[in-house]
Structure formats: C-alpha cells, structure tokens
Amino acid sequence: MRTLPIIISVCCLLLCQCKDPFSPDIESPKQGYLVIEGFLDTANPTEIRLTRTRGLQETEIAYENGATVTVETESGSAFNLSFHGDGLYSAPPLALGTEKARLRIVTAGNVTYLSDFVESKMAPPIDSVTWERRDDGVHVLVNTHDNHNQTHYYFWTYEETWHFRSLYESHYEYAGDGEVRVRENDIYNCWSSQRSTGVYLANTTGLSDDRVIGQRLLAIPNLSEKLGVKYSILVKQYALTAEAHQYWEVLQKNTEEMGSIFDPQPSNLESNIRNVDDINEPVVGYISISTMRQKRIFIDNVELKDWEIHVPFYDDCVLTQAGIPEYDKYFRIRDYIPLFHIRDAVGRIVAYTTTFDHCADCTIRGTNVRPAFWPQ
C-alpha cells in the first residue's frame with residue numbers, strides 16, 4: 001500500500017500540468033493501411049468501399065481505386081464486384097445459399113488481401129424506428145426481435161437526409177453585363193445527406209428473449225438544422241457472428257470510450273482479412289455475410305412544435321441595398337446575390353436588396369435536387 005500515495009501524486013501531476021500540442025511519431029506506410037467497409041449480402045446488392053487510413057492532419061479521404069474485388073465460395077464459385085469510383089465496389093445479391101464465402105481483393109498495386117471463409121447470417125426485420133424528444137435533443141431508437149432466437153448479435157448503420165433552406169430567398173440572378181433577371185432555379189430549398197460513422201451494436205445473449213428494445217442510434221442536438229424543415233433516416237440492420245461482434249465491440253471501445261487516463265487502453269483488432277504476403281500488416285474491417293433489413297422514417301418540424309435552429313454558417317449574413325447603377329459592381333466583383341427589387345413611386349426599379357451568396361444559395365452546402373424517396 002506504500003505505493004498508493006505515489007500513484008495518486010503522479011495522477012494529480014498529470015491532471016494539473018499544462019497541456020501542450022503533441023504530434024505522435026507513428027510509423028505507418030505512406031499509402032496508409034487498407035480500410036474495408038460493407039457486408040456481403042445474399043438478398044440485396046452488395047457494396048464494399050475500400051479506403052486507406054490517413055495521417056492525423058490529413059482531411060481528404062484516400063480511396064482505394066482500381067482494385068479487383070471477388071467473392072469466392074468454398075465450392076469454387078466466384079462473383080466479381082464492379083468498380084464505381086471513390087473506392088466503391090458492388091455486385092447484385094449474392095446467390096450463396098448456405099455456403100461459406102470469403103472476399104479476395106487485389107489492389108491496383110498487385111497486393112492481395114484475403115479473408116477467412118465466413119458463414120451467412122439472416123437478419124430479422126426491423127420492428128420499428130422511433131424517435132423521442134428529450135432535454136438534449138431528439139433521440140432516434142430502433143426496435144427488433146428474432147422469434148427463432150438465432151440472431152443475438154446486431155449491427156446497424158444509417159443514412160440521414162434533411163431538407164434545409166438558405167437564410168434568405170433570392171428571386172433574381174445576375175446574368176452579366178449589368179443584366180439582372182428573374183431567377184429560374186431554386187436555390188432556397190436544398191437537401192443534404194450523411195452516413196453514420198460510428199459503431200452501433202447490440203447483444204441479446206444474456207436476455208431471455210432475442211429482442212432489442214429502444215436501442216439508441218443517435219441524438220440530434222437542440223438547435224440542429226437537420227430538424228429545421230423535414231428529416232429522414234434510413235436504418236439498416238445486419239446480423240453478426242459472435243466473432244464479428246467481438247471485433248466491432250473492440251473497435252467501438254477503442255474509438256468511443258477513450259479520452260482520459262481512466263479509460264480503457266487500445267486493444268488489438270483481430271480482423272478476419274489480411275495481406276497474404278504480410279500477415280502482420282494491420283487491416284481495418286471485418287468481412288461478414290448478412291441479409292440487410294432496412295426501415296425509413298420521416299420527422300417533420302411541425303411535429304416538434306418549438307424546435308429552434310441556429311446555423312453558424314449564417315452568422316455573418318446581412319442585407320445590403322445596391323442602387324442603380326452601383327448594383328453592377330456588387331454582383332460582378334463581390335460575392336453578392338440579388339434577393340428582390342425596390343421600386344420608386346412611379347414603378348421603376350431603383351435598387352436591389354442583396355446579401356452574401358452563401359446566405360441565399362443553399363447549393364453551396366447541399367443539392368437542390370429533391371431525393372427520389374422524398375414526399376412531394
């Protein structure tokens with residue numbers, strides 16, 4: 001017990017000392033380690049995305065393009081995945097039956113990665129996706145069960161889409177050479193999308209029923225623009241083997257539960273896919289075969305009644321009047337957009353009310369093309 005005061009003193013010193021920037025000297029290949037995302041699916045199109053890890057200061061995604069990606073069965077059948085750009089490879093639903101299968105990747109640099117043979121799992125349908133208004137925002141929850149008591153290990157991903165609007169609506173556009181005309185394209189209403197980046201798991205092995213109730217997937221914080229008009233989330237559900245669940249659980253702990261000296265330390269990830277010529281090379285990802293089940297819901301702003309939003313992107317937005325003939329320099333030289341016109345007593349247009357383009361053009365942050373699944 002004599003060492004306990006020393007440990008406490010050291011911890012106090014660590015907690016009280018000033019924090020200085022630190023750039024860890026981590027050895028990794030210049031091209032980064034291979035990251036594999038996706039599931040092999042027997043009932044829906046299979047999509048696998050290949051990327052590379054990047055340095056802490058790098059923000060651009062490094063896609064692994066030009067690879068040959070193949071699904072191989074134990075009996076010798078093979079299914080090729082087509083390349084679609086940005087590291088995405090896909091194939092129609094895989095006719096695997098009850099056979100085990102594995103994934104083979106040969107990169108453009110002729111490096112081969114091969115997974116173990118894995119069994120196929122059947123995911124049960126999603127019972128419901130619900131939401132609840134709480135003090136910190138809106139929580140999205142999923143409910144599911146397996147009457148056959150055979151799933152036990154669940155994995156979810158989701159895709160968010162939301163309708164948002166620019167701060168001001170522009171009714172005019174600058175056509176050049178001093179001409180301002182009525183705007184034809186809508187830059188007031190836009191949509192934006194975002195895929196989940198976390199690890200979302202559930203394990204029912206300790207329960208009497210193979211049932212998941214009220215599993216939280218995400219919380220949309222108060223003031224979020226996502227719920228300013230209408231919001232949609234598409235939840236995708238997969239079934240895992242015990243080994244796959246263990247892998248994702250470790251990854252979840254490593255990425256979400258670290259941050260202080262009292263948190264769990266990083267654990268080694270035992271992936272089931274590896275470089276055939278260098279088994280010690282780390283590979284991020286785990287190959288699983290599962291039918292995917294999905295369910296989409298919408299949340300309309302009117303259902304929330306008192307939901308307020310704050311968009312820091314608009315904090316510098318102000319309105320300015322540009323009179324004739326000076327308005328030309330606003331639209332030609334500066335990043336201004338005309339909103340509406342001002343007429344004099346006899347009906348002549350004498351000025352335009354304008355604002356910065358990012359305040360009135362929602363396409364800077366999204367698309368004005370309505371998603372096919374979006375209600376009219």
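**Disulfides of the predicted model**

**View 1. Cys190 and Cys362 are both buried.** Buried means under 20% relative accessible area, whereas exposed means over 50% and partly exposed lies in between (1.4 Å probe, protein chains only). This is a predicted model, in which local features need pLDDT of at least 70, side-chain atom pairs count only at pLDDT 80 or more, and totals for chains, interfaces and linings use all residues. Residues are numbered from 1 along each chain as its sequence is written, and side-chain values use heavy atoms, with hydrogens and water left out.

**View 2. A disulfide is formed by Cys190 and Cys362.** Their sulfur atoms are 2.0 Å apart; a disulfide is here a pair of cysteine sulfur atoms within 2.5 Å. The torsion about the S-S bond of Cys190 and Cys362 is about 65°, so this disulfide is right-handed. The pair links distant parts of the chain, 172 residues apart: Cys190 belongs to strand E15 (residues 189–195), and Cys362 to the segment after helix H4 (357–360). Helices (H or I, at least four residues) and strands (E, at least two) are DSSP runs, numbered from the N terminus.

**View 3. Cys317 is joined to Cys359 by a disulfide.** The S to S distance is 2.0 Å. With -95° about the S-S bond, the link of Cys317 and Cys359 is left-handed. Cys317 lies in the loop between strand E21 (293–300) and strand E22 (320–323), and Cys359 in helix H4, so the pair ties together parts that are 42 residues apart in sequence. Cys317 and Cys359 are both buried.

**View 4. The whole structure contains two disulfides, as found by a search.** With bonded cysteines counted along the chain, the disulfides of the protein chain follow the pattern 1-4, 2-3.
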